[in-house]
Amino acid sequence: MLLFRAIALLLTALAAPASAAGVFALSSADFKDGAMLARKVGDIPARGPNCKGENVSPELAWSNPPEGTKSFAFTVFDPDAGNGAGFVHWVAYGIAPETTSFAEGEVSRPAETYVGGTSGKKLPFFGGPCPPTGTPHHYFFQLVATDLDPKALPPGLTYAELREKLKGHRLAESSIVGTYVNPYP
């Protein structure tokens, strides 16, 4: 829990000031910030013994991007995995500035609406949770508004590579957290 709070504080501290039109905000109709993700969001059994879901990505929407936004980048990170090292469930970028949402299930497969990076599962699309039995894991859905052209970055970047490429190009960030536990209640 201490790691969860530290990461939340870090994300808040790194966020750029909101635009005059309002606060840059990420939300989901499928889960509230801090709440449990639906069982179907969990990854498919073929990708691991703890995976018991359908890998249906949640609906995600955002509003009030800062002036000068040319593209968005998205990551999903579980800081509780890997004995504190964390695990990356999705890396995407090159999202056009006119895009304001992803429908439920839209990013569970490659799509024209984003450039796929490389997750910890070596997937270019969303790979859902499948934590070991025990305490809930926290999944940080983070959206970054950038001043980069949507075609500026090559496909296949890892989480670390994307973070490096975004240095000096972040205009604002917003995130929400969903939890998931095995066995699912």
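Biologist: Which strands make up the open sheet, and in what order?
Modeller: In this predicted model, three strands form it, in the order S1-S2-S5, with antiparallel pairing. The edges are strand S1 (25-27) and strand S5 (101-102), each of which pairs on one side only.

Biologist: How many bridges join S1 to S2?
Modeller: Three, and the two strands run antiparallel, with S2 covering residues 60-63.

Biologist: What about contacts, how far along the sequence do they reach?
Modeller: Taking contacts between residues at least 6 apart in sequence, 75% join residues at least 24 apart.

Biologist: Let's go inside. Which residues have the most contacts within the largest nonpolar core?
Modeller: Leu-26, Trp-62, Phe-74, Trp-90, Phe-102, Tyr-114 and Phe-141, in a core of 26 residues. The elements giving two or more residues to this core are S2, strand S3 (71-78), strand S4 (87-95), strand S7 (137-146) and strand S8 (170-180).

Biologist: Which one gives the most?
Modeller: S7, with four residues. There's also another core lying apart from this one, with 13 residues, among them Val-88, Leu-157, Tyr-159 and Leu-166.

Biologist: Back to Phe-74. What is Phe-74 in contact with, leaving aside its neighbours within four places?
Modeller: Quite a list: Leu-26, Leu-60, Trp-62, Trp-90, Val-91, Ala-92, Ile-95, Phe-102, Phe-141, Gln-142 and Leu-143. As background, nonpolar side chains in soluble globular proteins tend to be buried together.

Biologist: Switching to cysteines. How many disulfides does the count come to?
Modeller: One. Cys-51 and Cys-130 form it, with their sulfur atoms 2.4 Å apart.

Biologist: Where do those two cysteines sit in the chain?
Modeller: Cys-51 is in the loop between S1 and S2, while Cys-130 is in the loop between strand S6 (115-116) and S7. The pair links distant parts of the chain, 79 residues apart.

Biologist: Is Cys-51 buried or exposed?
Modeller: Buried: its relative accessible area is 2%, and the cut-off for buried is under 20%.

Technical notes:
Residues are numbered from 1 along each chain as its sequence is written. This is a predicted model: local features need pLDDT of at least 70, side-chain atom pairs count only at pLDDT 80 or more; totals for chains, interfaces and linings use all residues. Side-chain values use heavy atoms; hydrogens and water are left out. Contact means heavy atoms within 4.5 Å. Two strands pair if DSSP finds at least two bridges between them. A nonpolar core is a set of buried Ala, Val, Leu, Ile, Met, Phe, Trp, Tyr and Cys residues joined through side-chain atoms within 4.5 Å. Buried means under 20% relative accessible area, exposed over 50%, partly exposed in between (1.4 Å probe, protein chains only). A disulfide is a pair of cysteine sulfur atoms within 2.5 Å.
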